[in-house]
Amino acid sequence: MIQEQFVDTLSTIGNGTVSHAMQEQAAQMVQELSVWDLTMRGGFIMIPLAILSLISIYIFVERYIAISRARKEDSSFMERIRDYIHDGEIESARNLCNRTDTPYSRLILKGISRIGRPMNDVLVAIENTGNIEIANLEKGLSWLATTAAGGPMIGFLGTVIGMVNAFFNLASAGTSANIAVLADGIYSALVTTVAGLIVGIIALFAYNYLVARINKVMNNLEAKTMEFMDLLNEPA
């Protein structure tokens, strides 16, 4: 009886040791699963997602630089324009606008070129120029919006294709099918959904960030337009 208990105890200890060793091996395998390995398991769907992400990064950086330049501010610009116009130095005012080379300076330049016409014509010319400037700043943002919406959809498409393949492999395995075959196909298929969501979320935040900066530029243009119109209405 004592011998049997001793054997049972050794067996329990042995099983615990084996179980612990298996857990350590499984944990080590999980740790060795890198991001690159997961990316490779995503299949060909990862290629369009990678292209979308690279183009989106380029557009974000390029638009960020362009918008930052557009937000460049010269605090003395409108004061100098006022002095030139009141002194009748229209050509000097035009030269100042050309040297400043910002969206609001181009608006003022358009307004200066319409001096002498009805105020409504001047305002319409400035507003049309402002619309063109904003449209130039918004170039490429439609791509970010498309990536934000299309990235997750492409990833989901990859998951559906992967799931179809996983169940096809499970059915083809016949009597030798096991949960490992299905699990391997499912986790590989889900990689594309994760990648699509990551690309889409980043593109969405980038799009909204750039739109917010463009709105600030638009508000600045409106303020400069009103200031210029008030300037024209001031007594000489």
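Where is the place of Thr159? Thr159 has its place in helix 8, which covers residues 141–173. The model that shows this is a predicted one.

The chain has nine helices and zero strands. Read from the N terminus, its elements run α-α-α-α-α-α-α-α-α. The chain counts 236 residues, and 29% of them are buried. It exposes about 14700 Å². Carbon and sulfur atoms supply 64% of that area. Now take the contacts in the chain with a separation of 6 or more. Of these, 77% are accounted for by residues 24 or more positions apart.

Two packed helices are described by the angle between their axes and the distance between the axes. Helix 4 spans residues 77–86, and helix 5 spans residues 90–100. Their axes come within 8 Å and cross at roughly 160°. Angles over 145 degrees count as roughly antiparallel, so helix 4 is roughly antiparallel to helix 5. Which residues of helix 4 and helix 5 make the contact? Helix 4 brings Phe77, Arg80, Ile81 and Tyr84. Helix 5 brings Ile90, Ser92, Ala93, Leu96, Cys97, Arg99 and Thr100. By class, this contact of helix 4 with helix 5 has seven nonpolar, two polar and two charged residues.

Helix 4 also packs with helix 6, which spans residues 103–113. Here the angle is about 15°, and the axes lie 12 Å apart. Angles under 35 degrees count as roughly parallel, so helix 4 is roughly parallel to helix 6. Phe77, Met78, Ile81 and Ile85 form the helix 4 side of the contact. Tyr104, Ser105, Ile108 and Ile112 form the helix 6 side. The contact of helix 4 with helix 6 has seven nonpolar residues, one polar residue and no charged residues.

Helix 5 and helix 6 pack at an angle of about 155°, with 8 Å between their axes. Helix 5 is therefore roughly antiparallel to helix 6. The crossing of helix 5 and helix 6 is left-handed. From helix 5, the residues that meet helix 6 are Ile90, Ala93, Arg94, Cys97, Asn98 and Thr100. Helix 6 meets them with Tyr104, Ser105, Ile108, Leu109, Ile112 and Ser113. By class, the contact of helix 5 with helix 6 divides into seven nonpolar, four polar and one charged.

Most residues other than glycine have a negative phi. Asp101 is not a glycine, yet its phi is positive, at about 50°.

Now zoom in on Ile81, which is found in helix 4. Is Ile81 buried or exposed? Residues under 20% relative accessible area count as buried. Ile81 has a relative accessible area of 0%, so Ile81 is buried. Leaving out residues up to four places away in sequence, Ile81 touches Ala93, Leu96, Cys97, Ile108, Ile112, Phe228 and Leu231. Take Leu96 from that list. Ile81 and Leu96 are 15 residues apart along the chain, and their C-alpha atoms are separated by 7.8 Å.

Next, move to helix 9, residues 179–233, where Met229 is found. Met229 has 8% relative accessibility, so Met229 counts as buried. Which residues are in contact with Met229, leaving aside its neighbours within four places in sequence? They are Met119, Val122, Leu123 and Ile126. Met229 can also be placed relative to Gly111. The two are 118 residues apart in sequence, and 8.6 Å separates them in space, C-alpha to C-alpha.

Finally, return to Thr159 in helix 8. Its relative accessible area is 7%, so Thr159 is buried. Beyond residues up to four places away in sequence, Thr159 touches Ala189, Leu190, Thr192 and Thr193.

Note on methods
Residues numbered from 1 in each chain as written. Predicted model: local features only at pLDDT ≥ 70, side-chain atom pairs only at ≥ 80, totals over all residues. Heavy atoms only, no water. Axes fitted to C-alpha atoms, helices over the stretch in contact; angles between N-to-C directions. Helix = DSSP H or I, 4+ residues; strand = E, 2+ residues; numbered from the N terminus. Parallel < 35°, antiparallel > 145°, perpendicular 65-115°, else oblique. Contact = heavy atoms within 4.5 Å. Nonpolar A, V, L, I, M, F, W, Y, C, P; charged D, E, K, R; others polar. Buried < 20%, exposed > 50% of the residue type's maximum accessible area, 1.4 Å probe, protein only. Areas by Shrake-Rupley, 256 points an atom, 1.4 Å probe, with all protein chains shown as cover. Left-handed = near helix turned anticlockwise from the far one by under 90°.
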